[in-house]
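Subject: Structure handover

Hello,

Here is the structure I promised to pass on. Please open it first, then read the notes below.

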Amino acid sequence: MSTRHSFLSTTGLIRPSSVLSTASVAESSYTSHYHSRTGSIKHGRRPTAKNTATPPPPLPKIPLTTKAGIIPLGPTFLVAMAVGLSLLFILVMTCAFIPDENEKPAFAGMLDDVAENTPGIVLIGDDVVVDVDEPALTIRWSIIACGPSYVLSGSEGTHGSGKCGLPAMPLRIFVDGGEDPAATYDPSTLPFFDGSGKRHSIQNMFQFDDDHILDVHAARLYPFDTYHLTSTIRAVSTENNTNVPIQRLATISLTSSFASVSNDSPSFIKTSDGVEQPSRDLDLQVFRPGEARAFTLLLFGASWMLAHATIGLIFLSWHMSEAEKVLKYLASTFVIMLSIPQLRNAMPDAPGFDGVLIDAIGFFPQMIVSAVSGIILFSMVVKRELQRLDDVAPKTEDKKEAPAPLSTGLLRMRRGGASVDISHVRNVSRSISGLGRA
């Protein structure tokens with residue numbers, strides 16, 4: 001049997017009886033089901049919104065995005081990897097300071113060869129100091145003896161050679177034909193160790209400094225400056241006043257600022273009575289090491305690049321109308337002007353600002369270019385600031401001056417339309433002119 005619905009029930013304004021019964025049944029079943037689950041709600045009481053609240057569903061996991069099938073690394077991982085690589089690089093670089101314990105001393109092989117083949121006196125240049133500003137070169141010599149008949153007992157083992165030690169006889173060392181000895185050596189003044197019979201090698205007792213004036217013709221070519229030195233040395237025994245042959249003259253090959261190459265050769269000196277006295281000649285070449293030259297040229301190039309950057313800032317500022325942006329470029333130019341002298345001072349063992357070649361083609365032109373660029377940028381800032389002030393200032397229009405106020409009599413005449421009759425004045429002038437003709 002079909003149920004006839006009214007217009008109100010059809011439109012939904014009033015529920016039909018069948019719908020109400022169905023809703024009541026569903027509500028009662030929902031209430032009984034809820035009571036059976038919780039067991040804490042009294043019979044006939046509807047559950048509240050607080051009791052019926054369900055936990056929110058879990059958020060969906062964001063899928064990993066890939067680029068060409070590769071999962072990109074996160075920023076935290078990239079920063080951690082960069083820090084780790086930096087620490088690893090520092091650790092590797094610090095390994096350069098670990099000395100090699102198995103490395104043989106530089107002069108050990110040469111001293112052993114002298115002791116076996118040509119025993120005698122050897123002078124070792126333990127240090128070579130070059131003072132470009134002085135200019136002077138100083139060699140610190142050590143007096144060494146090689147061979148059983150020349151070595152002082154208890155002093156063996158110097159410079160890594162067990163066959164060489166301190167001389168057993170007192171000596172006087174003459175340099176470059178000087179009448180006075182440059183150094184004296186007396187083995188009797190060397191102290192002993194307690195009960196061991198070993199001699200204590202006091203450096204000032206068997207070492208001396210030899211000063212020379214440098215030839216500075218090539219000093220202007222820094223860092224490609226080279227220096228040449230020649231010297232002659234002879235040794236005399238004070239026991240019997242006889243000449244002792246010097247078998248070798250050798251210097252250290254590398255210092256903190258310079259590298260040296262030494263060659264020695266035997267020679268002799270003839271006295272006034274024709275007696276030949278043996279001596280030894282030294283030919284020494286001193287130059288900058290390759291690392292110092294490379295660092296100097298890199299700093300030289302970096303300084304020129306900074307100077308060229310100031311010119312580029314001028315071109316960037318040329319078409320800018322805002323003074324604030326040009327002011328930033330001016331500050332950058334000022335920083336560059338302060339940085340170039342610091343780069344010049346950072347060059348390894350650089351001479352003073354004495355006009356060497358690297359300053360004539362580098363430092364001084366760089367400072368001039370940077371200073372001129374700074375002046376031009378400052379002029380641009382001033383010009384644009386003045387233009388901005390002109391644009392911001394209000395423009396005043398030219399106004400005509402108001403006419404002066406009329407007097408009271410003229411104002412009344414204008415208002416009343418009055419006029420002055422001057423016909424009688426014209427008649428008088430005509431009569432006067434007629435009398436004059438008569």
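Is Asp176 buried, partly exposed or exposed? Asp176 is partly exposed, at a relative accessible area of 40%. (Buried means under 20% relative accessible area, exposed over 50%, and partly exposed in between, with a 1.4 Å probe and protein chains only.)

Two notes on the source. This is a predicted model, in which local features need pLDDT of at least 70, side-chain atom pairs count only at pLDDT 80 or more, and totals for chains, interfaces and linings use all residues. Residues are numbered from 1 along each chain as its sequence is written, and side-chain values use heavy atoms, with hydrogens and water left out.

Now the backbone. Asp176 has a phi near 55 degrees, which is positive in a residue other than glycine. Asp176 sits in the loop between strand S4 (171-175) and strand S5 (183-185). (Helices are DSSP runs of H or I with at least four residues, strands are runs of E with at least two, and both are numbered from the N terminus.)

Asn241 is not a glycine either, yet its phi is positive, at about 55 degrees. Look for Asn241 in the loop between S7 and strand S8 (242-244). Asn241 counts as exposed, at 54% relative accessibility.

There is also a cis peptide bond. It runs from Tyr222 to Pro223, with omega near 5 degrees. Pro223 is in the loop between strand S6 (207-213) and strand S7 (226-237).

Next, the cysteines. A search of the whole structure finds one disulfide. (The cut-off is a pair of cysteine sulfur atoms within 2.5 Å.) Cys146 and Cys164 form it, with their sulfur atoms 2.1 Å apart. Cys146 lies in strand S2 (residues 136-146) and Cys164 in strand S3 (residues 164-165), so the pair ties together parts 18 residues apart in sequence. The torsion about their S-S bond is about 110 degrees, so the disulfide is right-handed. Cys146 and Cys164 are both buried. Cys95 is partly exposed, with a relative accessible area of 42%.

Last, the surface. A nonpolar patch includes Leu73, Phe77, Leu78 and Met81, and its residues have about 770 Å² of accessible area together. (Patch residues have over 30% relative accessible area and no salt bridge; nonpolar side chains are joined within 5 Å and like charges within 9 Å. A salt bridge is a side-chain nitrogen of Lys or Arg within 4 Å of a carboxyl oxygen of Asp or Glu.) Leu73 is in the loop between helix H3 (49-52) and helix H4 (75-94).

Best wishes

Terms used
Accessible areas come from the Shrake-Rupley method with a 1.4 Å probe; for residues, only the protein chains shown count as cover.
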